[in-house]
Amino acid sequence: MVLPGFSPTLAKFFRCIAGYLRDVFTLLPVIWKWIAAGGALGFDTIAALTVLELKEDFPHIRLRMVLPCTDQDSKWRKGERQLYRDIL
């Protein structure tokens, strides 16, 4: 998982969270067909990236982005904006 713009320590922490999410999300496809994320930096981004990675093994799950506004990334750094737009 590539996390541009984050310090190595923070990126390592996010990878750890992603591992836990992956464990939980692999149980969910039996029950859920889609997982929602708000698109914010941090947990929402990690959750979205994890779902996208899991689609390789569980193609029926869907990521639903529930965005609070159309320009929420307008004040983010370039790398953060690019990652956000790649997810969308």
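Okay, let's start with burial: of the 88 residues in the protein chain, 35% count as buried, where buried means under 20% relative accessible area, exposed means over 50%, and partly exposed is in between (1.4 Å probe, protein chains only). Before I go on, this is a predicted model, where local features need pLDDT of at least 70, side-chain atom pairs count only at pLDDT 80 or more, and totals for chains, interfaces and linings use all residues. Residues are numbered from 1 along each chain as its sequence is written, and side-chain values use heavy atoms, with hydrogens and water left out.

So, the layout. The protein chain has three helices and two strands, and along the sequence they follow the pattern α-β-α-β-α. Helices (H or I, at least four residues) and strands (E, at least two) are DSSP runs, numbered from the N terminus.

Now look at helix H2, residues 43–54. Which of its residues are buried? They are Thr45, Ile46, Ala47, Ala48, Leu49, Thr50, Val51 and Leu54.

Some of those names come back in a moment. A nonpolar core is a set of buried Ala, Val, Leu, Ile, Met, Phe, Trp, Tyr and Cys residues joined through side-chain atoms within 4.5 Å. The largest one here has eleven residues, including Phe14, Phe25, Ile46, Ala47, Val51 and Leu54. Helix H1 (8–27) and H2 each supply at least two residues of this core, and the largest share, five residues, comes from H1. Apart from that core lies another, of five residues, among them Ala37, Ala48, Leu83 and Ile87.

Leaving out residues up to four places away in sequence, Phe25 touches Ile35, Ala47, Thr50, Val51 and Leu54; contact means heavy atoms within 4.5 Å.

Last topic: charges. Side chains of opposite charge can pair when their charged atoms come close. A salt bridge is a side-chain nitrogen of Lys or Arg within 4 Å of a carboxyl oxygen of Asp or Glu, and by that rule we get two.

One joins Arg85 and Asp73, with the closest N and O atoms 2.9 Å apart. Arg85 sits in helix H3 (residues 78–87) and Asp73 in the loop between strand E2 (62–65) and H3, so the pair ties together parts twelve residues apart in sequence. Arg85 is partly exposed at 48% relative accessibility, while Asp73 is buried at 4%.

In the other, Arg77 meets Glu80, again at 2.9 Å, N to O. Buried or exposed, what is Glu80? Glu80 is buried, at 6%, whereas Arg77 is exposed, at 52%.

Technical notes: Expected span 1.5 Å × (residues − 1).
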